[in-house]
Amino acid sequence: MVVDDVQYIIKDDRFLFNPQDDGWYILLEKTFTAKLIQADEYVKDYYTEIKNELLSYKKVHARMSRKRESFNFGRVCLARMTIRGKTLRLHLALDAKDYEETKYKVEDTSQIKSLADTPLMYRIKNDRRLKYTKDLIAEVMAKFGVEKQEIEPVDYTSMYPYEETPPLIERRLIIQRRVKGKVPEGNGFDFAQKTFKAKLIQSDDIVKEYYSHLKNELLAHRKIHDRMSKKRESFRFGRDCVARMSIRGKTLKLYLALNPQDYVDSKYKFEDVSDVKSYADTPFMMKIKNPRRLKYALELIDVVMDNVGASLKRDLHETDYVADLPFESTEELMEKGLVVNVHVKSNSFVAQHFSFKAKDEDAEDEVASDEDND
């Protein structure tokens with residue numbers, strides 16, 4: 001699997017690497033808590049909403065184990081939450097067969113022993129699914145006769161601020177194990193380098209929806225045209241670049257032609273990237289992590305358009321860019337040239353991990369492509 005453009009051997013969110021080429025691998029196994037801490041902000045927001053909803057029912061209590069969080073009513077487990085990759089998953093004590101051919105896209109996990117009593121699995125990928133999740137929770141509570149009560153919601157998102165891997169290892173939230181394995185053969189290995197379009201195609205639905213909203217807002221203005229290069233998508237008014245979008249990991253980033261100094265101590269959370277050559281004309285960078293940040297981004301796009309004198313088009317037609325970007329496997333994207341193999345001289349997974357992580361996340365963009373310079 002490719003993680004942040006680096007190839008690892010991965011199984012069930014466990015990272016394998018070999019620092020000494022001696023046939024033994026170090027296994028990093030993340031607990032549920034570690035996954036939550038390192039999850040994107042919108043995943044934590046979904047977790048907060050769902051946990052508050054579950055605990056709003058009388059006598060329902062939560063217990064977090066290494067692999068999951070369980071919600072019990074007496075001795076009966078009504079629900080569990082797990083994280084796989086970047087997706088929050090809810091497991092409920094409902095029969096998945098009862099929801100076939102409904103609006104709920106559920107999966108049957110009854111064959112998994114540890115989830116047999118909560119066999120309906122639902123992936124929380126966007127706000128619509130979050131809304132449907134509350135409907136499913138109400139049904140499981142009605143099934144077991146659990147009554148709702150008024151509670152004071154808790155902000156669990158703020159309870160799990162992001163932390164890097166080393167301190168989580170020290171706290172035993174990421175567990176190290178030594179396992180015997182086969183050292184990759186040959187002098188080095190290939191890792192898959194994704195283009196911006198490939199990253200979009202393999203992004204979570206929520207990232208695609210944010211992208212669609214932002215692109216529609218930008219192209220709703222006259223004389224704004226866009227061009228997608230290997231690393232990013234640019235939006236120009238005449239010859240002036242007014243905005244760019246890129247993806248890093250699972251996060252959509254928007255760059256605007258605004259002076260970051262004008263927004264110090266404002267409600268907008270941003271980063272100044274004016275020292276990166278390829279973003280010098282769009283130095284105001286926002287990470288679009290949740291609906292609130294999307295709302296703020298749309299406000300700032302209007303400011304940029306006012307600054308350059310770009311007016312709204314008379315006939316506005318929104319395009320569903322999400323529908324234009326269905327998920328495709330890495331193999332399919334390689335055939336299309338949207339993912340290319342790059343050879344790295346070294347077979348030490350840990351060396352590759354730290355060498356790539358040590359690079360500034362925008363260093364790869366310091367030399368603009370020919371497409372961006374035209």
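This is a predicted model: local features need pLDDT of at least 70, side-chain atom pairs count only at pLDDT 80 or more; totals for chains, interfaces and linings use all residues.
A residue counts as exposed when its relative accessible area is over 50%, as buried when that area is under 20%, and as partly exposed in between. Lysine 97, with a relative accessible area of 53%, is therefore exposed.

## Salt bridges

Side chains of opposite charge can pair when their charged atoms come close. A search of the whole structure finds 15 salt bridges, and the table sets out three of them.

| Pair | N to O distance |
|---|---|
| Lysine 97 and aspartate 108 | 3.5 Å |
| Glutamate 233 and lysine 215 | 2.9 Å |
| Glutamate 271 and lysine 287 | 3.4 Å |

In the salt bridge between lysine 97 and aspartate 108, lysine 97 belongs to the loop between β9 and β10 while aspartate 108 belongs to strand β10, so the pair ties together parts that are 11 residues apart in sequence. Lysine 97 is exposed, as stated above, whereas aspartate 108 has a relative accessibility of 31% and counts as partly exposed.

The closest N and O atoms of glutamate 233 and lysine 215 are 2.9 Å apart. This pair links distant parts of the chain, with glutamate 233 in strand β15 (residues 233–237) and lysine 215 in helix α6 (residues 205–219), 18 residues apart. Are the two partners buried or exposed? Glutamate 233 has a relative accessible area of 0% and is therefore buried, and lysine 215, at 9%, is buried as well. Both residues also take part in a network of salt bridges that links Lys215, Asp226 and Glu233.

The side chains of glutamate 271 and lysine 287 meet in a salt bridge with an N to O distance of 3.4 Å. Glutamate 271 lies in strand β18 (residues 271–272) and lysine 287 in strand β19 (residues 284–288), so this contact ties together parts that are 16 residues apart in sequence. Glutamate 271 is partly exposed, its relative accessible area being 35%.

## The loop between β9 and β10

Asp95, Asp98, Glu100 and Glu101 gather in a patch of negative charge on the surface. Aspartate 95 is found in the loop between β9 (87–92) and β10 (107–108), and glutamate 101 lies in the loop between β9 and β10 too. A patch is made of residues that have over 30% relative accessible area and no salt bridge. Aspartate 95, with a relative accessible area of 36%, is partly exposed, and glutamate 101, with 86%, is exposed.

## Backbone angles with positive phi

Most residues other than glycine have a negative phi. Glutamate 101 has a phi near 60°, a positive value in a residue other than glycine. Lysine 59 likewise has a positive phi, with a value near 65°. Where is lysine 59 placed? Lysine 59 sits in the loop between α2 (41–55) and β6 (60–64), and its relative accessible area of 70% makes it an exposed residue.

A disulfide is a covalent bond between the sulfur atoms of two cysteines. How many disulfides does the structure hold? The structure holds 0 disulfides. Cysteine 77 is buried, with a relative accessible area of 8%, and cysteine 241 is also buried, with a relative accessible area of 6%. Cysteine 241 is part of strand β16 (residues 240–248), and its C-alpha atom is separated by 7.3 Å from that of threonine 282, a residue 41 positions away along the chain.

## Two further positions and their distances along the chain

Histidine 91 is placed in strand β9, where its relative accessible area of 1% means that the residue is buried. The C-alpha atoms of histidine 91 and alanine 79 are separated by 5.4 Å, the two residues being 12 residues apart along the chain. Alanine 138 is found in helix α3 (residues 127–143) and, with a relative accessible area of 33%, is partly exposed.

Notes. Residues are numbered from 1 along each chain as its sequence is written. Side-chain values use heavy atoms; hydrogens and water are left out. Patches are made of residues with over 30% relative accessible area and no salt bridge: like charges are joined within 9 Å, nonpolar side chains (Val, Leu, Ile, Met, Phe, Trp, Tyr) within 5 Å. Accessible areas come from the Shrake-Rupley method with a 1.4 Å probe; for residues, only the protein chains shown count as cover. A salt bridge is a side-chain nitrogen of Lys or Arg within 4 Å of a carboxyl oxygen of Asp or Glu. Lys and Arg count as positive and Asp and Glu as negative; His and the chain ends are not counted. The place of a charge is taken as NZ of Lys, CZ of Arg, CG of Asp or CD of Glu. Helices (H or I, at least four residues) and strands (E, at least two) are DSSP runs, numbered from the N terminus. Buried means under 20% relative accessible area, exposed over 50%, partly exposed in between (1.4 Å probe, protein chains only). A disulfide is a pair of cysteine sulfur atoms within 2.5 Å.
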